[in-house]
Amino acid sequence: MPDVMATKRIYGLVAEFESPDQLLSAARRTREAGYRSVDAFSPMPIEGLAEAVGFHSTRLPLVVLLAGMFGAGGGFFLQWYANVVSFPLNVGGKPFNSWPAFVPITFEFTILCAALAAAFGMLALNGLPTPYHPLFNVPRFVMATRGRFFLCIKARDKKFHVDASRQFLESLMPFGVYEAEL
Amino acid sequence: MESDPLERGAEISQPRVIEPGYTISTVTDKISSIVLGQRTRPGWFLGFGASFLLLLILLYAVTVLFAIGVGIWGVNIPVGWGFAIVNFIWWIGIGHAGTLISAILLLLHQKWRTSINRTAEAMTIFAVLCAGMFPVLHLGRPWLAYWLFPYPNTMWYWPQFRSPLVWDVFAVSTYLTVSLLFWFVGLIPDLATLRDRARTRAKQIVYGFLAMGWRGSAVHWKRYEMASLLLAGLATPLVISVHTVVSFDFAIAILPGWHTTIFPPYFVAGAIYSGFAMVLCLAIPLRKFYGLEDFITMRHLDNMGKIMLATGLIVAYGYMMEAFMAFYGADIYERYVTLNRMVGPYAAVYWSLIALNIVIPQALWSRRVRTSVGALFAVALIVNCGMWLERFVIVVISLHRDFMPSIWLMYAPTRWDWMTLLGSIGLFLTLLFLFIRYLPMISIFEMRSLVTETEGERT
Amino acid sequence: MMATDTFGARFDRTQRRAFILGIAALILAVLDGLRAPEQFFRSYLLAFVFWLGFPLGCAAFLMVHHLTGGFWGLPIRRPLEAGTRTLPLLTALALPLLLGLSRLYSWTHSDLVAADAALKFKQPYLNLPFFLIRNVIYFAVWWTLVRRLNRWSDEQDRTGDPLLAARLENMSGPGLLLYGFTVTFFSIDWIMSLEPHWFSTIFGMIFMVLQVLGALALAILVAGLLSQREPVASAVTPDRFNDLGNLVLTFVMLWAYLAFCQFLIIWAGDLIQEIPWYVTRAQGGWAIVALVMIFLSFATPFYLLLMRPIKRSVQTLATLCGALIVINFLNVYWMVVPAFEKSGPRFYLLDLLLPMGMGGIWVATFLRQLKSRPLLPLHDPRFEGALEHAD
């Protein structure tokens, strides 16, 4: 069964477009055609594109909020513990629990934890770093970071079929359609 | 979001944020070719060489410092904080404009920031590095700098969390970390561009490693933009907190001339003031030498001139309130410090500060000055000097005559002080030259968005 | 114009009611004040400082908008301008205070001054003639600013001359400078010198931020109320309210930042000239007021304004701004009244009657000014195209 072998060896089909608007409408039509494992690639963010490929919200703000709360609690606890429990020391007659003096470091800790969560959370949710990716096997794909726009239907999509999907992509009037080998 | 009305007005009267005629690909090519071009321009070697020489001076001065000790500096008792602290505050203030441009202007949807934010962010990181070096050098035993951090140790001892000097450690290290994150996150898509455009194997590997496999997926962009917004939202209060904490180093003490409540906002304004001055000092030559006049337009220079004027006026307000309250407060020490500034042995420094920081920059009210590249560069340079003098006035003049006349003493910097200051400028410029050679100094992907938008407006 | 007629009637009714309520409260206050003149002037000062914040804050924020531009200014431009035009009323309301200066300020008493070295030293600044001269200057400056802001804006409506926008922009830079200068010294003269030994260099800034925050909240509240009808309805969009909500958030944070900085520095220094101000304000009943303020002026609005749905909903943001105006009063109360009541807040009917009385007349004047001009600026080139987005 050469056909099955072929579908197994490829990651998906990639169509190349010349403008952001073409990509956006192509992505919408692909979703409407019933494909679910779709991704679009562009050299800059395009408003509405993520929604067009079926992605709606990210949990990143929640992650950042939790990290910020952890930072605030941890930062204050660190200072409170050091000054009240571990090593109480009278400095300038100030109370051991000098909360006004603990505010700056508490604040810095909050920001530090939240910012680390924002950056690394984004990378983790995006699955980066990805040293190898099948799409990089498509020679034209280098243009995705320069000035061209790509749409990919992944082979794992239930509706995926090499020939039918290729035909469908061709119907979207792309610049070209390529196979991404695994 | 709605388009910024300034943006719309741009078509009628004001210069544009990007000159017409660019497409997504040509913008990419123009900016990335500066980095990927095979030939390094002789001007770059000249600038880098000069900076590197200054850096060598720093290394020499620091080596001698480590071998002999802080005694080689001009510091004494009572002026325990000399050039080291002056330079520290000066540098960290310069860093603030970078974060301001990249974070606050992003939140305000000011599109004109796009072409200057990358350089400004890089400037922030390098300035914070230069700044962070000075307190460590000033420690006397810099190899024990890690004692500043809270960690479980055999002495069962903690840093003194009620001290603003410890707050500083946290503020500056957080600032450096967050600035690096912000900068690097901003670079990822451009690193991917460089990876895909690089022709030598070595460059492909290095840029490819740093790009971490970025491929511009729509889902990734979505999270990426969210992360950028969140980082900007976090960096904005952070940048204000950093110089606030620096001002606490002074204001929390009860020394006359230091202990005054206006210090936090006035330090922050001063930081932004000097930071924008430094951005102008860098942007004006850069756009000239690399032919980036289409990207860094007169509009940018004009806007930065206005921000400098506004923050400079807040600084002037700070001086005025300090001087007024010294008398209104009816405290003899405060009064003396103020008089000592104006007519004491360092009066020349004080009045040069007023001239450089307050009087001359009033020229920025004039549109002619703001739209003349040469004049703007001159004012920016003057403000940078003025802000350095301000920190000298605050640190040295308050310390050299405090409550007890019997320990009054003059302070004079030694050649090692000057060498360290000059050398730190060398470190800053060296890093900057490396940056503009190896990384795109203008955010390529944001310029692509700008190109598409301006195209959309025309149709 | 049929639809606006009933709206106009409601406008008139509110204006009339506010006026009657205000006059009634003022009459009661005067009657009560005859019994306790001391308290009358204290409450009068509180009410005056609070209500003066609106015309001044409106002028400042108007100038900020002239400088920066932005479509968010469209729905609030006219409420802000109407707010500035209540300055004549506040000027008239300032006059009775002159009768009570000696009851309010210890530095007006020569015997007290003679016995106190610090007060004696401050006498070249804190003395009645100079105080009066300064205040004449403040009010003259404010009148000039308000007149220009309104006259040019009015001319812009009538002639559509595009140069007027540039002229307004050009006056706003120096205008803000003058505003900052005069309001700072106003706050020193009228509030800081209530406790004449105390001083703080950041105080003027805190006072200005409170004024602008109050004015901004007022303008958003009014824009929200007007947004049920045209023409304001099409000028109010969720995006613009989101921007306005962010501005409120900025000023809430700015206030918290400045107030905390002042507190931390004075708390850490613990010096005899400075700390009593906070000792009074953080003890007994005042501690409760202070805690309530931390929660209501900072924590709650900060938390709420971080959420986009709240900022994008016109009604919710307007309601929140209404609450912020009340909280702003509490803020002024905590700043002014402890100078008289060292042991804790005490309830005086006058503290309620006078702010209400002045407020009634103020609201009536404000509404009269508001309806005297179109509810949206007609020919400002900055707002060109701003109404095209409306559905």
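This is a predicted model: local features need pLDDT of at least 70, side-chain atom pairs count only at pLDDT 80 or more; totals for chains, interfaces and linings use all residues.
With a relative accessible area of 0%, C:Leu264 is buried, because the term applies to values under 20%. Leaving aside residues up to four places away in sequence, C:Leu264 touches A:Pro100, A:Ala101 and A:Pro104 of chain A, together with B:Trp167, B:Phe248 and B:Ile252 of chain B. Within chain C, the C-alpha atom of C:Leu264 is separated by 34 Å from that of C:Phe40, a residue 224 positions away along the chain.

Chain A is assigned two domains: domain 1 consists of residues 10–57 + 134–181, and domain 2 covers residues 60–125. The C-alpha centres of these two domains lie 44 Å apart.

Chain B contains 16 helices and 0 strands. The radius of gyration of chain B is 23 Å, close to the 23 Å given by the globule rule for 459 residues, so chain B is as compact as a globular protein of that length. Along the principal axes, its C-alpha atoms fill a box of roughly 75 × 55 × 40 Å. Of the 459 residues in chain B, 62% are buried. Among contacts in chain B with a separation of 6 or more, 82% join residues 24 or more positions apart. The accessible surface of chain B is about 16,700 Å², and 71% of that area belongs to carbon and sulfur atoms.

B:Trp147 is located in the loop between helix H5 (114–138) and helix H6 (164–197) of chain B, and its relative accessibility of 41% makes it partly exposed.

Key. Residues are numbered from 1 along each chain as its sequence is written. Chains are lettered from A and ligands numbered from 1 in the order in which they are written. Side-chain values use heavy atoms; hydrogens and water are left out. Helices (H or I, at least four residues) and strands (E, at least two) are DSSP runs, numbered from the N terminus. Buried means under 20% relative accessible area, exposed over 50%, partly exposed in between (1.4 Å probe, protein chains only). Domain bounds come from an automatic or database domain assignment. Contact means heavy atoms within 4.5 Å. The radius of gyration is taken over C-alpha atoms; the globule rule is 2.2 Å times the number of residues to the power 0.38. Accessible areas come from the Shrake-Rupley method with a 1.4 Å probe; for residues, only the protein chains shown count as cover.
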